[in-house]
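Subject: A structure for you to look at

Hi there,

Here is the structure I promised to pass on to you. Have a look at it first, and then read on for what turned up.

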Amino acid sequence: MAHDPVETMRKQIDEINLEILALINKRAALVQDLGKEKLKQGINRFDPEREREMLNLLVENNNGPFTDNTIRHLFKQIFQASLDLQKSENKKVLLVSRKKQPEDTVLSIKGVEFGGGEPILIAGPCSVESYEQVRAVAENHVKRGLRVLRGGAFKPRTSPYDFQGLGEEGLKILKRIGDEFNLVTISEIVTPSDLELATQYIDVIQIGARNMQNFELLKAAGRLNHPVLLKRGLSATIEEFIYAAEYILSEGNTQVMLCERGIRTYEKATRNTLDISAVPLLKQETHLPVFVDVTHSTGRRDLLLPTAKAGLAVGADGVMLEVHPDPDVALSDAKQQVNIPQFNEIVDELLASGLYKEAKV
Ligand code: PEP
Ligand code: MN
């Protein structure tokens, strides 16, 4: 029986495909070697002039039936794929990455383990307003076995006419109360030149959402030997968040914790949109402790408990929330802070859920 010409030609095409495959992979392997050599010599990977030369040579030798444009297009795809290959080879493994450090980073501060397996509640008023106000919260902390007290002294407010915080005076109040009740204190710092001073007063420096990409602040925080809690920027992708943390580690400070605090979306029912998937993702991608701020993400008292449960259920190392002795008269975030009895109800519910355990003090 005579051979079907279609079959014969298809066979030939298969053979040519395999030859092209072998050739483009041979080319790719050569490009990889070239990439390594360029890295050694400190030469830039991408050389537009060289690309132009290669395209010209191809077009000069093109006898069709493909048009010159098609040839350019096809080969540009090959060039790009090769460049991508070099890129993934040369991609630096980040210091924050689990690939770099498979085991969890655990921070031990005043005997409290952050990221050590037992979830932690970081709670306190939005702003430090007075010694008495913070003391009322701290007293309740001690009764409830809580060890971590937050309070803003430098407040990054949307309006310049809103309460800007007590500044150093606020840090002094936190220091006094932290010492009095043996609590770990945490407060936001917004200026690089205030960092050193702040380490004398507070146990954890917070870098807030609005400053997540303040690279000078991140670098300065990286030069400290002091724990830092970095919050996710309002519109930051996970990748940007991870790079922001990398800025701190790259300067030498490995005592870094992350906090998902909601991102801006079109949704208006909540203040921000809590990106719950960020928690397991950050736990997978990095070795740093990960927290969830349920107050600033939701902006709603009625959502604090369910989102706190959700955060812990997906593996957060703890939850941040704001509590004020009298939220109605709070100088910031009056709408979303809970009072002490409401806060204690949340703590009770979290204990009852089994997702959180009271610390043995
Ligand atoms: C805060 O925690 O006090 C605060 C201002 O939060 P964020 O930076 O997440 O808005
Ligand atoms: Mn607040």
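You can find them in the model as Cys126, Gly152, Glu188, Gly208, Ala209, Arg210, Lys231, Arg261, Asp293 and His296. Please keep in mind that this is a predicted model.

Now for the whole chain. It has 12 helices and 10 strands. Its radius of gyration is 28 Å, well over the 21 Å that the globule rule gives for 361 residues, so the chain is more spread out than a compact globule. Along the principal axes, the C-alpha trace spans about 95 × 50 × 40 Å.

Next come some helix pairs. Two packed helices are described by the angle between their axes and the distance between the axes.

Let's begin with helix α4 (residues 131-143) and helix α5 (residues 168-181), whose axes come within 10 Å and cross at roughly 30 degrees. Angles under 35 degrees count as roughly parallel, so α4 is roughly parallel to α5. Their crossing is right-handed. On the α4 side, the contact is made by Tyr131, Val134, Arg135, Ala138, His141 and Val142, which meet Ile173, Leu174, Arg176, Ile177 and Phe181 of α5. Sorted by class, this contact has eight nonpolar residues, two charged and one polar.

Further along, the axes of helix α7 (residues 215-222) and helix α8 (residues 238-250) come within 6 Å, crossing at roughly 40 degrees. That angle makes α7 oblique to α8. Here too, α7 passes α8 in a right-handed crossing. Which residues of α7 and α8 meet? From α7 they are Phe215, Leu218, Lys219, Ala221 and Gly222, and from α8 they are Ala244, Tyr247, Ile248, Leu249 and Ser250. Seven residues of this contact are nonpolar, two are polar and one is charged.

The last pair is helix α11 (residues 304-313) with helix α12 (residues 340-353), which pack at an angle of about 35 degrees with their axes 10 Å apart. α11 passes α12 in a right-handed crossing. Look for Leu304, Leu305, Ala308 and Lys309 in α11, which meet Ile346, Glu349, Leu350 and Ser353 in α12. Five residues in the contact of α11 with α12 are nonpolar, two are charged and one is polar.

Finally, there are two backbone details to look up. Most residues other than glycine have a negative phi, and most peptide bonds are trans. Gly64 and Pro65, however, are joined by a cis peptide bond, with omega at about 10 degrees. You will find Pro65 in the loop between α2 (48-60) and α3 (68-90). Lys110 sits in the loop between β1 (107-109) and β2 (112-114).

Enjoy exploring!

Best wishes

Definitions and conventions. Residues are numbered from 1 along each chain as its sequence is written. Chains are lettered from A and ligands numbered from 1 in the order in which they are written. This is a predicted model: local features need pLDDT of at least 70, side-chain atom pairs count only at pLDDT 80 or more; totals for chains, interfaces and linings use all residues. Axes are lines fitted to C-alpha atoms, for helices over the stretch in contact, and angles run from 0 to 180 degrees between N-to-C directions. Helices (H or I, at least four residues) and strands (E, at least two) are DSSP runs, numbered from the N terminus. A crossing is left-handed if the near helix is turned anticlockwise from the far one by less than a right angle, and right-handed if clockwise. Two residues are in contact if their C-beta atoms, placed from the backbone, lie within 7 Å. Ala, Val, Leu, Ile, Met, Phe, Trp, Tyr, Cys and Pro count as nonpolar, Asp, Glu, Lys and Arg as charged, and the others, Gly among them, as polar. Angles under 35 degrees count as roughly parallel, over 145 as roughly antiparallel, 65 to 115 as roughly perpendicular and the rest as oblique. A residue is near a molecule or strand if its C-beta atom, placed from the backbone, lies within 6 Å of it. The radius of gyration is taken over C-alpha atoms; the globule rule is 2.2 Å times the number of residues to the power 0.38.
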